[in-house]
Every structure is written in C-alpha cells, then in structure tokens.
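The sequence and the model come first.

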Amino acid sequence: MKRPFLLRLPFRLLPLIAVLALLSCRAAVRRNIGSESPTASVDQVFSNATLLRLASEDLSEAVVRRDVDGLMEGKFPVSARDASLFRRHHMDGVWRRENRRVSMGIQIRFQSFQHNKFFPELRRSLRGWWRTRRFQPEIMAELVELVKLPLDRHHGRTDSARRFPSCAVVGNSGILLKNDHGELIDGHDLVIRLNNARIHGYQRNVGSKTDLSFVNSNILHLCARRPGCFCHPYGENVPMIMYICQAAHFLDYAVCNSSYKAPLLITDIRFDMLCSRIAKYYSLKRFVEVAGKPLKDWAKFHDEKLFHYSSGMQAVMLAVGICDQVRVFGFGKSPEAKHHYHTNQKVELDLHDYPAEYAFYQDLIDRPEVIPFLKDSGIRVPPVVFYH
C-alpha cells in the first residue's frame with residue numbers, strides 16, 4: 001500500500017510547509033475581517049444583503065437634483081450640441097446664451113422666463129415627477145392606473161382597473177429577422193415597440209400593429225428638433241411613454257406635449273428607481289458569480305453615474321405591471337444577427353449590462369419570486385414567454 005504523499009516528503013520540507021500554512025491562515029483572517037466592506041472581493045464572504053445595499057446606491061442622484069433645482073430657476077445645463085435645440089425653440093427671442101461654463105456643459109437661461117408659455121408646464125411636470133422620488137416597489141400595483149387608464153380613455157374605452165389580457169413587447173434585436181412572428185405579434189391586445197424602431201418592410205418579422213411606443217427621452221429630444229415636434233413613426237394616434245434620461249428633457253416634453261394628439265406619458269420616477277435597482281443588482285451579482293471578479297472592481301467596468309437599465313428592460317417591467325400575459329420578441333443576440341434588425345449598429349451601449357438583464361429575464365420566466373425588490377411589490381407576476 002502506498003504511503004500518504006506527505007509522509008513521503010523529505011523531513012526537512014515540513015517546517016516550510018508549516019510556515020506556508022500559517023501565512024495562509026493569517027491571510028484568511030484578514031479577508032474575513034474585511035468581509036463587511038462594500039468592496040469585498042470575490043474570495044471574500046459576501047452576502048445577498050451586500051448586493052442589495054450596493055444596488056440601492058445611486059451616485060447620479062446629486063447630479064439630477066442639481067439639474068432639477070436649476071431647471072426650476074430657469075437654468076438649463078446642457079451640452080454644447082444640445083444648445084442648438086434651445087436656440088431653435090428661441091420662443092420669440094427670449095433665449096440667450098450665457099458665456100459661462102458649468103459642470104455639464106453650457107448653461108442656458110431664459111429672459112423673462114415666467115412669461116414663456118412653456119415654462120408653467122415644464123415646472124408643473126418636473127415638480128410632480130421629482131416630488132414622488134422615493135423607493136417604493138408597490139409602484140408596480142399603480143401602473144394600471146398610471147398607464148393603462150390613460151390609454152383606455154384615449155381610445156374611448158370604458159375605464160377599467162383590469163390589466164390587458166395579453167401584451168407583446170417587441171425589441172429591436174436582429175434575431176427577429178430569423179422568424180416570421182408578425183402575425184403572432186399583431187394578435188396581442190397591446191403591442192409595445194421600442195425607441196421608434198422601423199417596421200415598414202419588416203412586417204412579416206415584427207408585425208405592423210403598435211399600441212404603445214416606449215422610448216427614452218433622448219428619442220423625444222431628437223424629435224423635438226423637427227418641425228411640429230414630430231415623433232410618430234407609427235401614426236399620430238399612437239400613445240407614447242418615455243423614461244427621463246436627463247432632467248433637461250422636460251423642456252422637450254413641455255414643447256411636444258402641447259401639440260400631440262395622443263397621450264405623451266412619463267414613467268413614474270418610483271418605477272424608474274425600481275428598474276434601476278434590479279438592473280444594478282443583477283449586474284453586481286453576475287460580476288461576482290459568473291465573471292469571477294471582486295465587487296470592488298465593478299465600478300472599473302461600469303460608470304456608476306451613467307449605468308442604466310435598457311429601454312427594453314423597463315418596457316418588459318411595464319408589461320409585467322399592466323398585462324395578464326406577456327410575450328417578448330426580439331431580445332437577445334447571436335453572432336449571425338445584427339444588433340438592431342433595422343440599423344447597421346454593431347456595438348452595444350456600454351452603459352447597459354445586457355448579460356445581466358438576460359439573467360433577470362430568466363428569473364422572470366422561471367422563478368419571479370426570487371427577484372429582489374420586485375418580490376416586495378405585492379403584485380402577481382404574470383406568465384412571461386420569450387420568443388427568439
């Protein structure tokens with residue numbers, strides 16, 4: 001019978017082995033002492049509570065608060081490129097540029113601002129949006145009232161507190177071109193499309209029906225440059241809902257909302273905060289468990305002030321709140337498919353963590369009861385199916 005390996009070692013190596021073992025134990029003790037730190041590394045013991053706490057941190061809040069305060073006073077911190085929009089909306093000559101820089105670009109101020117017809121609407125909507133800023137997962141239960149009821153009223157339907165029976169969320173991935181899902185998509189009670197994606201010429205793959213256009217406010221900002229503030233590729237009667245990327249985009253909302261025939265809605269900031277926490281939680285969790293990297297290095301790969309959920313992720317969350325059945329099309333990617341089916345874009349935006357969002361979707365399908373923050377919302381999560 002063979003003797004154990006350790007016994008076959010030369011006796012003179014045993015002290016060296018003992019020293020190495022002692023050093024290893026001391027290092028382990030140091031790691032355990034620092035395991036409470038929010039920058040605990042992958043070989044440290046980290047808990048789900050640590051991930052939840054880090055996901056709740058929002059480093060962009062101070063910047064947004066400063067912008068909101070400035071907007072309420074009539075000051076617009078925008079990039080030099082965006083200044084051209086304000087000059088186009090010169091509002092009978094009341095705009096002027098100040099030759100001073102602020103941290104986010106050029107500051108623009110109104111002359112006789114209180115007399116401008118758009119300022120009351122801007123202040124009203126901005127104040128209402130910011131006033132409700134608090135973390136409240138129960139916002140999911142209010143989405144029917146906040147989103148579905150305005151759509152019902154727009155279409156002359158009797159107001160109902162019931163959800164839509166079935167909803168299709170249509171993403172923009174190039175994988176849509178691999179299948180003919182058009183008729184299946186159009187058969188849903190509510191069809192949600194993202195960021196004004198083109199459908200003409202792709203109806204066989206993506207359908208032709210649109211009941212709600214979901215965009216980020218950058219899309220409306222670009223539309224506001226057009227004559228008449230036109231932003232309706234699906235028709236002027238199709239309602240639009242958007243989340244706010246920059247507080248300054250409330251100017252675009254104030255300008256465009258006055259001329260739109262269909263409702264132009266803004267997502268509740270409590271809903272934005274919920275989506276933000278879920279996206280960041282899954283990004284942190286995947287960074288440690290899948291990528292095998294220390295938590296303290298997460299910020300090296302993601303700018304915490306810019307990190308954000310994608311439009312698609314929030315659109316899916318919206319459907320979860322207002323629909324009895326959710327089917328999702330055109331999410332995901334493959335080496336053979338374009339990033340967007342209707343563009344030649346090659347690269348994903350680095351302010352999103354798409355693999356982390358895919359992990360969230362998998363939990364949404366298989367075990368929604370474990371999704372942090374969402375499980376505290378008190379809603380029944382409907383069946384969710386993804387089609388590729």
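The model is predicted: local features need pLDDT of at least 70, side-chain atom pairs count only at pLDDT 80 or more, and totals for chains, interfaces and linings use all residues. Residues are numbered from 1 along each chain as its sequence is written, and side-chain values use heavy atoms, with hydrogens and water left out.

The whole structure contains 18 salt bridges, each defined as a side-chain nitrogen of Lys or Arg within 4 Å of a carboxyl oxygen of Asp or Glu. The table lists some of them, including the pair R124 and E121.

| Pair | N to O distance |
|---|---|
| R124 and E121 | 2.9 Å |
| E304 and K280 | 3.5 Å |
| E289 and K285 | 2.9 Å |

Helices here are DSSP runs of H or I with at least four residues, numbered from the N terminus. R124 and E121 are three residues apart in helix α6 (residues 119–131), a separation of about one helical turn. R124 is partly exposed at 48% relative accessible area; the term covers values between buried (under 20%) and exposed (over 50%), with a 1.4 Å probe and protein chains only.

E304 is partly exposed at 26% relative accessibility, while K280 is buried at 7%.

Helix α12 also holds both E289 and K285, which are four residues apart, about one turn of the helix. K285 is partly exposed, with 23% relative accessibility.

How values were computed. Helix = DSSP H or I, 4+ residues; strand = E, 2+ residues; numbered from the N terminus.
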